[in-house]
Amino acid sequence: RATEALSLPNGFEICRNRFDMVNKLTERTIKLRESIAPPSMELPIVMDPAMSGLFAHEAFGHICEADNVHKDIYLKKVMTLGKRFGSEILTIGDDPSFPGLRATHKYDNEGVPTKKNYLLKNGILVGRLHNRETAGRLNTNLTGNGYAVSYRHTPIVRMTNTFIEPGKTTFNDMISDIKLGMYVCGHMGGSTTKEQFIFNGTHGYMIRKGKLAEMVRNVTLTGNVFQTLFDIEAVGDDFEWYQLGYCGKAGQTGHPTTKGTPHLKVKSLVVG
């Protein structure tokens, strides 16, 4: 099974004549018929923009939502502003004001003007996402991240266009020194329990002696978000907005989100 999808704040014209998507999907489906099951072991990992976007949103973004931090004694203790959570090459944020994306808004649902908000800057935790309630409780500035999926719900803290800023490493340089590893692509969802995550990729490729090898199907990645942040060894010089995604929280499902990220190289993750 393989899928391609597109979701933008445009008319139906964006769907017309998308033979590029059809051809890409057909090619992948044919290759998947000859793909292998992933090995069960710990390996160096390179994430494509879709998977690294899932990591930014699901593993890191949710623990930066101030209502989650405020209610959880453990997270409140761990997620201390000014604390280092990764190397200097890593910068993560959320920008509901970025033009032209499906999670873009001029104002949030509490009437707060939106803006770019940095969460992790050069590896240091510098911010959290807030609605009016959490900003008031924690005596800090508003970020424009209060959203409700409909008028029937109360605005809560939500991510919008979550991003990882690009670095300086090419994809070829990322894989060149990996003797045995895996390139993981796409995502079919995942789950987090505080700092532990399990993510499902749509497919991947074994990396052998610095080269992409056979295709792998049904890849699962498991790890600890705090350890993984420190294990990110390289950030790609590319960048791509993944234009499809929804988020569920506190009974409010279907909130549109977008993830924009480059490739990431991680020292090791458990693969299965």
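This is a predicted model: local features need pLDDT of at least 70, side-chain atom pairs count only at pLDDT 80 or more; totals for chains, interfaces and linings use all residues.
## Sorting the residues

## The largest pocket

How much space lies in the largest pocket? About 920 Å³. Its lining is made of 38 residues, and the closest to the centre are Glu 4, Arg 28, Ala 50, Gly 186 and Tyr 242.

Which elements give two or more residues to this lining? They are helix H1 (19-32), helix H2 (49-61), strand S10 (196-208), strand S13 (240-242) and strand S14 (246-249). H1 makes the largest contribution, with six residues.

## The second largest pocket

Next up is the second largest pocket, with about 360 Å³ of space. Here 21 residues do the lining, and His 62, Asp 67, Asn 68, Lys 71 and Lys 249 are the closest to the centre.

The largest share, four residues, belongs to H3.

## A cavity

The structure also has one cavity of 30 Å³ or more. The largest cavity has a volume of about 60 Å³, and it is lined by Arg 1, Ala 2, Thr 3, Arg 28, Leu 32, Met 188, Thr 202 and His 203. H1 and S10 are the elements that give two or more residues to this lining. Sort the lining by class and you get three nonpolar, three polar and two charged residues.

## Strands and sheets

Now for an open sheet of six strands, which has mixed pairing and the order S4-S3-S2-S7-S16-S13. Its edge strands are strand S4 (124-125) and S13, each pairing on one side only. Inside that order, strand S2 (residues 92-94) and S7 run antiparallel and are joined by three bridges. Ile 92 has Ile 164 in S7 as its bridge partner.

S14 is worth a look as well. Three bridges join S14 to strand S15 (residues 252-256), and the two run antiparallel; Tyr 246 stands opposite Pro 256 in S15. In a regular strand, side chains alternate between the two faces of the sheet. In S14, Cys 247 and Lys 249 make up the covered face, while Tyr 246 and Gly 248 are on the uncovered one. The S14 and S15 hairpin has two residues between the strands, and Ala 250 in this hairpin takes a positive phi near 50 degrees.

## Buried or exposed?

Is Thr 160 buried or exposed? Thr 160 counts as buried because its relative accessibility is 0%, and the cut-off for buried is under 20%. You'll find Thr 160 in the loop between strand S6 (156-157) and strand S7 (161-164). Leaving out residues up to four places away in sequence, Thr 160 touches Asp 94, Asp 95, Pro 96, Ala 103, Asn 145, Tyr 147, Thr 257 and Thr 258. With one of these, Asp 94, the side chain of Thr 160 makes a polar contact of 2.6 Å.

Phe 19 is a contrasting case. This helix H1 residue counts as exposed because its relative accessibility is 54%, and exposed means over 50%. Phe 19 and Gln 243 are 224 residues apart along the chain, and their C-alpha atoms are separated by 18 Å.

## Two Asn residues with positive phi

Most residues other than glycine have a negative phi. Asn 17, in the segment before H1, has a positive phi near 55 degrees. Asn 17 is exposed, with a relative accessible area of 64%.

Asn 139 has a positive phi near 55 degrees as well. Look for Asn 139 in the loop between H5 and strand S5 (146-147). With 72% relative accessibility, Asn 139 counts as exposed.

Note on methods
Residues are numbered from 1 along each chain as its sequence is written. Side-chain values use heavy atoms; hydrogens and water are left out. On a 1 Å grid over the protein atoms alone, a cavity is a set of points where a 1.4 Å probe fits but cannot get out, and a pocket is an open set with protein on both sides within 12 Å along at least five of seven lines; lining residues have an atom within 4 Å of a point. Grid points are joined across faces, edges and corners, and a volume is the space filled by probe spheres set on the points. Ala, Val, Leu, Ile, Met, Phe, Trp, Tyr, Cys and Pro count as nonpolar, Asp, Glu, Lys and Arg as charged, and the others, Gly among them, as polar. Buried means under 20% relative accessible area, exposed over 50%, partly exposed in between (1.4 Å probe, protein chains only). A polar contact is a pair of N or O atoms within 3.5 Å; within protein, one must be able to donate a hydrogen and the other to accept it, and residues adjacent in sequence count only if both atoms are side-chain atoms. Contact means heavy atoms within 4.5 Å. Two strands pair if DSSP finds at least two bridges between them.
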